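Subject: Structure handover

Hi there,

Here is the structure I promised to pass on to you. Please open it alongside this email, and then read on for what turned up.

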Protein chains: 2
Amino acid sequence: MYSIGVDLGGTNIAIGLCDAELKLVDKGSVPTPQNDPEKIVKEMAALARLLIDRNGVMLGEVEYVGIAVPGAADDKSGTVIYTPNLPFKDYQIAEVFKKFLPVQRVILANDANAAALGEALAGAARGAAGCIMVTLGTGVGGGIIINGKIFSGSLNSLGAEIGHTVIAAGGRQCGCGRRGCWEAYSSATALKNMTSEKMQELSLKGIPSLLFEEAEKEGKVSARTAFNAMKRADTHAKAVVDEYIYYLGTGIANMINIFQPEVVIIGGGVSGERENLTAPLSAMVNAEQYTRNSEKKAKIVTATLGNDAGIIGAAGLGR
Amino acid sequence: MYSIGVDLGGTNIAIGLCDAELKLVDKGSVPTPQNDPEKIVKEMAALARLLIDRNGVMLGEVEYVGIAVPGAADDKSGTVIYTPNLPFKDYQIAEVFKKFLPVQRVILANDANAAALGEALAGAARGAAGCIMVTLGTGVGGGIIINGKIFSGSLNSLGAEIGHTVIAAGGRQCGCGRRGCWEAYSSATALKNMTSEKMQELSLKGIPSLLFEEAEKEGKVSARTAFNAMKRADTHAKAVVDEYIYYLGTGIANMINIFQPEVVIIGGGVSGERENLTAPLSAMVNAEQYTRNSEKKAKIVTATLGNDAGIIGAAGLGR
């Protein structure tokens, strides 16, 4: 048996064909058509058909198609409720997909949640029943896996908006309207902002730092600047990274105290720092988490599936 | 069919006999014997037997006995792992209980979680599939119900330590070792401390306030002092309550953004303020929670089962 995972993005539709062991047999991607929901679904179905055909798979051998949606989806009714960057609004995507490709079943999930499921089933947290994925990109995204299944909320299926939990009441303004959200301190954007602020401060005081050299090398200040300068033993860069890790670890310890996951998976751009991030982070979080005695500690690991997490997770939605 | 719920406390063992609809048919309580785990379980079994006998119920009609434990319990192995205020440590409570009263099944849960289940099945959140109970007492306790079941963690069954999530990084010292925990701002103890601090400040400046009169009336500063003075239109008392609600609401909005529960139940001493607490709290939380469009909002309600929440929840563990 096979399953197909669709990762519907604002720019591209990526699709993977997975076997019974959730191994990626083949994958492909096409640009996302703009402004027309039906056209998007039609392209999706065409690419899925192409993958099936070129791998000699029969349509009847495809158990289901999972679709990872960049927004809110309601799996029960097969509806995409809302996508901020695509033209879906209360759209019966499952029904329309089946019109173009008559598969047995279409399953929907939010894309961040699907990526977390992918890492839980076939990636960094393989074999863990409970895990949390924290994606450090433009924002702080989250995926919660409980008993091998996505948990996306009881009343509204809004995904697990862990980035919009306040960790510093009255603190930095967040895009969601609250002040002091985890996202305002731990996203790649926040790290870039903290780095810029430190550079301005140093610049005003005329203090030299490798931060300036690294930023020049890259042509801009990015979420990498502070890590790069820190690796060259710059103390100001280390101060920025330490502050970043303090807030990131605060949020992760919060999640561990609530969920007691086996594994915390770090994904997104900043996760590319790998052990430079996870080693000090683990030390900080182990000291902060609430364990009464000698309980087992959650492991903090880097995501391993990269851009394939979404398609593999979507293909795993029925497992 | 019947079930029995045991609420094992440091001072008393309370037991309830519930019918198939989880209605409390009869209840009783005995002092908790000190220092001897077996004696505690023996008393428990004797009181359970008494309730069965005096209600003309046959032992075979009791489907199971649920025990709410003030600490960490592992239901799979029938073991109380640890209780901070009672002498249990890796204790096979289910097996010992069955020795004294041969029931078909013994189910274990943490007491805060059991109380949340009680409110979800038969109290303030009756009929809700997903809810969070926040207990405002000495600390901030939590219970998480997902799909009508207790969620108590994946790696360690430590309960949902939502009180030990940092909402004000670097802020007030918490008993758990972290700084800025929700518990350090929103427990009854924290409210009492905030009130004392305000009174000290007013006292130093020679500013009069009904806070002093209310404290004198009660013979001490308590978690009620600020609410009582606020009801008499004291602006300083209102400032204390507003601050308390700000932090409490911050933590509740965090939980809503993570769990999207249908209902948030407020229990514990401070919940006695009822609408004086829940009305301003709901207004604050509705403005803070993350909902992309016109999604349904979680309701914030006061617990209704009082001290019976634990025994009813324990009796509901097998439902």
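How many residues lie between β9(B) and β10(B) in the hairpin that they form? There are three. Before going further, please note that this is a predicted model, in which local features need pLDDT of at least 70 and side-chain atom pairs count only at pLDDT 80 or more, while totals for chains, interfaces and linings use all residues. Residues are numbered from 1 along each chain as its sequence is written, chains are lettered from A and ligands numbered from 1 in the order in which they are written, and side-chain values use heavy atoms, with hydrogens and water left out.

Helices (H or I, at least four residues) and strands (E, at least two) are DSSP runs, numbered from the N terminus. Two strands are said to pair if DSSP finds at least two bridges between them. Buried means under 20% relative accessible area, exposed over 50%, and partly exposed in between (1.4 Å probe, protein chains only).

In general, strands of a sheet pair through backbone hydrogen bonds, either parallel or antiparallel.

**Another sheet in chain B**

Five strands of chain B form an open sheet with mixed pairing, in the order β3-β2-β1-β4-β8. At its edges stand β3 (24-31) and β8 (106-110), each with a single partner strand, so one side of each has no neighbour in the sheet. Direction ignored, neighbouring strands of this sheet are turned by 20° against each other on average. Within the sheet, β1(B) (residues 2-8) and β4(B) (residues 62-69) run parallel and are joined by six bridges. Y2(B) stands opposite V62(B) in β4(B).

Two helices lie across these strands. Helix α1(B) (residues 37-54) lies across β1, β2 (12-18), β3 and β4 of chain B and runs at about 30° to β2(B). Helix α2(B) (residues 93-100) lies across β4 and β8 of chain B, at about 135° to β8(B). Axes are lines fitted to C-alpha atoms, for helices over the stretch in contact, and angles run from 0 to 180 degrees between N-to-C directions; contact means heavy atoms within 4.5 Å.

**Helix α1 in chain A**

Helix α1(A) (residues 37-54) has 18 residues and reaches 26 Å from its first C-alpha to its last, close to the expected 26 Å (1.5 Å times one less than its number of residues). Its buried residues are P37(A), I40(A), V41(A), M44(A), A45(A), L47(A), A48(A), L51(A) and I52(A). They cover an arc of only 165° around the axis, which puts them on the same side of α1(A); the arc is that of the directions from the helix axis to the C-beta atoms. Among the elements they pack against are β1 (2-8), β2 (12-18) and α2 (93-100) of chain A. The face turned away from the buried side carries the exposed residues K42(A) and D53(A).

At the start of α1(A), a side-chain oxygen of D36(A) comes to within 3.1 Å of the backbone nitrogen of E38(A). After the helix comes G56(A), with a positive phi near 65°.

**Two buried residues in chain A**

S186(A) is part of helix α4(A) (residues 183-186), and counts as buried at 0% relative accessibility. The side chain of S186(A) reaches the backbone nitrogen of L248(A) at 3.3 Å. Not counting residues up to four places away in sequence, S186(A) touches L136(A), V140(A), Y244(A), Y247(A) and L248(A).

L108(A) sits in strand β8(A) (residues 106-110) and is buried, with a relative accessible area of 6%. Its contacts beyond four places in sequence include I67(A), I93(A) and L317(A).

Happy browsing, and do write back with any questions!

Best wishes

Technical notes. Polar contact = N/O pair within 3.5 Å; in protein donor to acceptor, adjacent residues only side chain to side chain.
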